[in-house]
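Student: Could you walk me through this structure? I have not looked at it before.
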Amino acid sequence: MTGVTAMTLAAVLAMGASSDAMITHHTTVLADSTADAYSVNDITGAASRDTIREAIAKHENGATDATVFATVVIDGQTKIVSSDTAFTDVRSVLEAGNITLAKGDSVSPSLDSAVDESTVITITSSGSDVITEDSDIDFNTVTKEDPTLDKGTTKVESEGAKGVMETVSLVSKTGDTVTSKNTLSSYVKAAPQDRVVLVGTKTASSSTTNSGSTSSGSTSLGVTTPASEMQTWAHDYLIGNSYTEDDFTALVYIISHESGWRVDATNASSGAYGLPQALPGSKMASAGSDWQTNYQTQIKWFVGYCNGRYGGITAAYNHWQTYKSY
């Protein structure tokens, strides 16, 4: 996702006026969020565990006592901007959210108005359209050992299905030419379903031992085949750092459900951002200054977050299975 530089933004904001100012709205919503209480697929407002403030109070997803948020409504589309630096005025919220104004746009209250968490900042853009688009989220194939099937045999337990990513963008045009297209929100509308293949491990010597078992598999999460360049890198990174195939399977599952493997996924209802849906997204700066656009940086932050909060990636997955968030 591209964005204006701080210098450019400062120059634009310096133009002043609440009704004449600024340009395209770029949603990089911020940063320090975590997927914990606000999964991307929970964009409708009622997040997994009540309000944003409750999530912050519980230090969910990397939030701290310093984390604050503000509500911005852009052409009828609501997004939350969150930050670990206190907001001083409307201008500071727009800067934190990487939201700029173009000539002819209007913002209320004015740029110098004080804000708190009850403030709703409304922006009406000039000559822009809100466009909604769906795209596919690829599914993965997960192979699991099954002691009830004869060794050497396989069985497809579930076929798998692609998920759906919904992206809402603000598009500005000059005539028929698109001059800017900025993401307002991008979330998992329907999560992908894994293709699960069972591989038999039963032998003549083990059949007696397993005869009383009703389990269709072991406690392992299975071996997931990477389905993209990002997943291949994540797999090699984990295995190269002494993590397990279970950890990779857990990572793929969580990220597929949280962000559909979209680096700039943005939850308009919470401000969560990126592959791991960090809240605010800027939390990921601890893993690298390129956290907004680099999937490797985001994955490294995700791994560190899971280790710090849950003691491991698989433990975070187990939490997700219970609460549908992590």
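Predicted model: local features only at pLDDT ≥ 70, side-chain atom pairs only at ≥ 80, totals over all residues.

Student: Which element does Glu-166 lie in?

Tutor: Glu-166 lies in strand β8, which covers residues 163-174.

Student: And is Glu-166 buried or exposed?

Tutor: Glu-166 has a relative accessible area of 13%, and because buried means under 20%, Glu-166 counts as buried.

Student: What joins the side chains of Glu-166 and Lys-189?

Tutor: The side chains of these two residues, Glu-166 and Lys-189, are joined by a polar contact of 3.3 Å.

Student: What happens at the start of α7, and what comes just after α7?

Tutor: At the start, a side-chain oxygen of Asn-294 reaches to within 2.8 Å of the backbone nitrogen of Gln-296, while just after the helix Gly-311 takes a positive phi of about 85°.

Student: Which residues are buried in α7, and what covers them?

Tutor: The buried residues of α7 include Tyr-295, Ile-299, Trp-301, Phe-302 and Tyr-310, and what covers the buried residues of this helix includes α5 (229-240), α6 (245-258) and α8 (313-323).

Student: Which residues touch the most other members of the largest nonpolar core?

Tutor: That core has 31 residues, and those touching the most other members are Leu-251, Trp-261, Leu-275, Ile-299, Phe-302, Ile-313 and Tyr-326. The elements giving two or more residues to this core are α5, α6, α7 and α8, and α7 provides the largest share, eight residues. A second, separate core has 19 residues, including Leu-94, Ile-121, Leu-170 and Leu-184.

Student: Back to the helices, then: how do the axes of α7 and α8 cross?

Tutor: Their axes come within 8 Å and cross at roughly 75°, and α7 and α8 are therefore roughly perpendicular to each other.

Student: Which residues meet there?

Tutor: From α7, Phe-302, Val-303, Cys-306, Asn-307 and Tyr-310 meet Ile-313, Ala-315, Ala-316 and His-319 in α8. Not counting residues up to four places away in sequence, Ile-313 also has Leu-238, Tyr-243, Asp-247, Ala-250, Leu-251 and Ile-254 among the residues it touches.

Technical notes. Residues numbered from 1 in each chain as written. Heavy atoms only, no water. Buried < 20%, exposed > 50% of the residue type's maximum accessible area, 1.4 Å probe, protein only. Helix = DSSP H or I, 4+ residues; strand = E, 2+ residues; numbered from the N terminus. Contact = heavy atoms within 4.5 Å. Polar contact = N/O pair within 3.5 Å; in protein donor to acceptor, adjacent residues only side chain to side chain. Core = buried A, V, L, I, M, F, W, Y, C linked by side-chain atoms within 4.5 Å. Axes fitted to C-alpha atoms, helices over the stretch in contact; angles between N-to-C directions. Parallel < 35°, antiparallel > 145°, perpendicular 65-115°, else oblique.
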